[in-house]
Number of protein chains: 2
Amino acid sequence: MSTSETPLAEPSQLIAAAYDPQLVRELGKRMITLLADHLSHVGSGKGPVLNWDEPSHNIDLARAELEAGNASVPRSADSLLARFDELLRQSLSRGQNLHHPHYVGHQVPASVPLAGLFDSVTTLTNQVMAIYEMGPWATAIERAVVEQVGEAMGFRSGQFGGLITSGGSLANLTALLTARNVALGDGWSAGLTGRSPAPVLVAHAEAHYCVARAAGVLGIGTQQVVSVPLEKNRRMDVNQLDSILADLRTRGVPIVAVSAAACATPIGAFDPLVEISEVCRRHDVWLHVDAAHGGAACLSAKHRHLVNGLELADSVVCDAHKMMFMPALCAMVFYRNRDHRFATFEQTAPYLFDPSAPGMAEYDNGMVNLECTKRAAAMGLWGVWSMFGSQLFEALVDTTFERAQQFYELLEEADDFEAFCQPECNIVVYRYLPGHLRNRSPEEIDRFQLQLRRAVVESGEYYLVQTNLDGRSYLRSTIINPLTTREHLRGLLDCLRKWGSQT
Amino acid sequence: MSTSETPLAEPSQLIAAAYDPQLVRELGKRMITLLADHLSHVGSGKGPVLNWDEPSHNIDLARAELEAGNASVPRSADSLLARFDELLRQSLSRGQNLHHPHYVGHQVPASVPLAGLFDSVTTLTNQVMAIYEMGPWATAIERAVVEQVGEAMGFRSGQFGGLITSGGSLANLTALLTARNVALGDGWSAGLTGRSPAPVLVAHAEAHYCVARAAGVLGIGTQQVVSVPLEKNRRMDVNQLDSILADLRTRGVPIVAVSAAACATPIGAFDPLVEISEVCRRHDVWLHVDAAHGGAACLSAKHRHLVNGLELADSVVCDAHKMMFMPALCAMVFYRNRDHRFATFEQTAPYLFDPSAPGMAEYDNGMVNLECTKRAAAMGLWGVWSMFGSQLFEALVDTTFERAQQFYELLEEADDFEAFCQPECNIVVYRYLPGHLRNRSPEEIDRFQLQLRRAVVESGEYYLVQTNLDGRSYLRSTIINPLTTREHLRGLLDCLRKWGSQT
């Protein structure tokens, strides 16, 4: 495009600039420089973790940039580069820095940055799916990674099937919709009205909120979720499950599925899947396992015992954007029986599915996916795996699980901290209990934990989260940045002490 | 990282390489070069549109790369760069080239490449949402673009609300779930069982398949979708709608919503929204408008009349990854009454939502979105808008709508082509009817269209799609690459003639 400062007033000039490959080249190089510098900066622990600011202020700033765009048309390539630079710097300075080693918060990883580069290829060229034709390579890489992960879980090659969708909530919804349709026969076409007795969904008492949500979405009703009590280690109690299913069967209540967890969100407890699958088999009930977080343990020789039995489930969800350290979103759904993929939906869309090539339905992702147009979400995973092999994922699981053990040891050694329990994976739940808190009421101690967390988070020094167990408030950390060291975690305790003395 | 050829055998070495900012810099530069070259190549009409290959062959190739990754650990930075280059070249050579001017297929655009650069920033740093804390800037830019688009639609500032989600199907599902909950009172908690009479969803007879799917997913049942007959221009017949609603109300049948289209997929017909909203208001029924494709017309002075009345709907869906030319996925949901955002779900998730900061719920995206962890999907739209202003989107709408008129004129001028109707937007439906076909049966003519399309698509010369109207097969093109010219469209007719003589 022009290097002069003539305004791009004509629509055709605006379009030519926005689609100019030379501009992609120039702005792209700037982007890579800014990103590499940013990752180097935050990765070495400099600057804040979270750039805290009030929502209203951030929204005002974001809106002002849009209005600036409306008010003045861009001019030369140099002006566009300067504007791009400004917008990127602002964006990089106002977000959450997951790649900072002090990020020990939610189950969202410091993702492998190279995955983002592979993702960029599909984003810039807008590779999508719905039907095979629209994304032949996108479809192929999705199939390839689903096959490899499914095989690592222990599913039988050629017998299982799967897909990738936008997030764990959507993945769980998809699998539970399939289970609903299988359990209720004509539920898809006739709806759920007029059924008696009303069907239920049986779930881990601390299942992720998206499981109860699925019951709400699917017309089952959130009141129709039967919670299975937990053992003291917060795993599903298998004997209680057996009694619940026996009672429901006796009363003729339709059971959509049992939804187990590997692991459950609050403390990372892994359900005993082999025993649960045996109970489900005996009562002829669909077993779904939400392994969004823990499923990737199947790639670790050391930790795969935690997910023994995954291969016995009817459906499994595993998020590559959690413990495979991919950027959001890349959630996998697996069906032990591949034919179940086609039990999720029925639809007519003659503009999509070509009757002259019926064999293609097998490869048309829209047939099995809640999404129609879908991102090529597997690209980052496929690219990183092809470069580093599954040994990288094993290293990431082992390293972060080990780091959580070290954090637990630090908590145990400290007089003023209390770990809720020894972690099974990389989720650690704890409280800070300095001397002056000893005689306070449980409510005051709860409030202290929440206020302390908020102070630390807003300071940008560390990022951690909170949870509530048996009515009490706790601090909670997921070690999900592989570059977080034992020393960083020791620093977290000191940081909590510092802010605790001011809270 | 090391420049030697020592294998990266240790887990810590693998992780250090995968997270090395210097490697991001080197590989990122290579990526930008390959992408700019690729966009320049396909943008100038070189090479095939679709790289057609059999699914099984593509899957074998994709899987072989994963196995190569498992078999050998990477070594020096140079080897990693060479491997990266190889994987990117393969990916770019096996997909669908939407930026090729001969791409005139589905409603998936040749996206603004610069949007992909903005997206890359959030992907490489893994900026997400669910709660405000996790993505303060991601949340802010989403709010800002939703506000601007909603205002352009005519919603009242401060009164409407909205959100962004992963795709039009999910967006329609979200809005219809909200409508269901509002219409049925305790449907969320109690489920849909035991209701009599069974509720219905009233929809445009040619609504996108995701609308009937939503009925299937939500427990309403696909049989409970009442189709409103169309006028001869394939818009919803308002008098028929009035009769249907009156009859349902008389019989006491609960009505979840009326789902109108702006525009409907098959030929791009825009429903008369002002009249429909009046009928819905009179019968006290929620009006939902699937404006996934056509909603962006509100940004064009010339074409906004097509979507007059959007601002009267209770909910509206508009995909920025269609006529705002963003890469997938960026689908917007709007509610005229912002309070309705909180009618979609109810949930408990103490590890997410902080009771010590209840005001934050307003900004916690997970409260209103089917997704929990969510990509910062607005980044590309916010960035491109901030650089070029809304006038770029107006230029894109106007240019592609105009090009479709030119294509229609070419079809009308040709003796051997037949347009189904004059397009209202950028979707054109037509048939190729050479002399030798004149005496064939309708079934043979249908088969010819499908076979011709398949031959052209697999040749890579052009990409177009098919549809079925009133039982007959048609060719169908969306002009959704702004660099497709009249001459390219004239070339499409010649291409169809060439392949038609061999079909």
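A residue is called buried when its relative accessible area is under 20%, exposed when it is over 50%, and partly exposed in between (1.4 Å probe, protein chains only). The structure described here is a predicted model, in which local features need pLDDT of at least 70 and side-chain atom pairs count only at pLDDT 80 or more, while totals for chains, interfaces and linings use all residues. Residues are numbered from 1 along each chain as its sequence is written, chains are lettered from A and ligands numbered from 1 in the order in which they are written, and side-chain values use heavy atoms, with hydrogens and water left out.

Both F407(A) and Y430(A) are buried. Their rings form an aromatic pair; rings of Phe, Tyr and Trp (its six-membered ring) pair if their centres lie within 6.5 Å, and planes under 30 degrees apart count as stacked, over 60 as edge-to-face and the rest as tilted. The ring centres of F407(A) and Y430(A) are 5.1 Å apart and the planes stand at 85°, so the pair is edge-to-face. It links distant parts of the chain, since F407(A) is in helix α14 (residues 390–413) of chain A and Y430(A) is in strand β11 (residues 427–432) of chain A, 23 residues apart. Helices (H or I, at least four residues) and strands (E, at least two) are DSSP runs, numbered from the N terminus.

Over all chains, 30 aromatic pairs were counted. One of them, formed by F84(A) and F118(B), is edge-to-face, with 5.1 Å from centre to centre and 75° between the planes. This pair crosses between chains, from helix α4 (residues 77–92) of chain A to helix α5 (residues 113–125) of chain B. F84(A) is buried, at 0% relative accessibility, and F118(B) is buried at 0% relative accessibility. Ring pairs also link W52(A), Y132(B) and Y363(B) into a cluster.

The contact between the chains (heavy atoms within 4.5 Å) takes 173 residues from chain B and 173 residues from chain A. Together the chains bury about 15200 Å², 67% of it on carbon and sulfur atoms; buried area is the accessible area (1.4 Å probe) that two parts lose on being put together, summed over both. M134(B), in the loop between β1 (128–129) and α6 (136–153) of chain B, is buried, with 3% relative accessibility. Leaving aside neighbours within four places in sequence, the contacts of M134(B) include Q96(A), L98(A), Y103(A) and V128(B).

Side chains of opposite charge can pair when their charged atoms come close. A salt bridge is a side-chain nitrogen of Lys or Arg within 4 Å of a carboxyl oxygen of Asp or Glu. Between chain B and chain A there are 10 salt bridges; R453(B) forms a salt bridge with E133(A), with the closest N and O atoms 2.5 Å apart. R63(A), E67(A), E147(B) and E151(B) are linked in a network of salt bridges.

Over all chains, the search finds 68 salt bridges. In the bridge between R234(A) and E206(A), the closest N and O atoms are 2.7 Å apart. R234(A) lies in the loop between β4 (225–228) and α10 (238–250) of chain A and E206(A) in the loop between β3 (200–204) and α9 (209–217) of chain A, so the pair ties together parts 28 residues apart in sequence. R234(A) is buried, with a relative accessible area of 7%, and E206(A) is buried at 15% relative accessibility.
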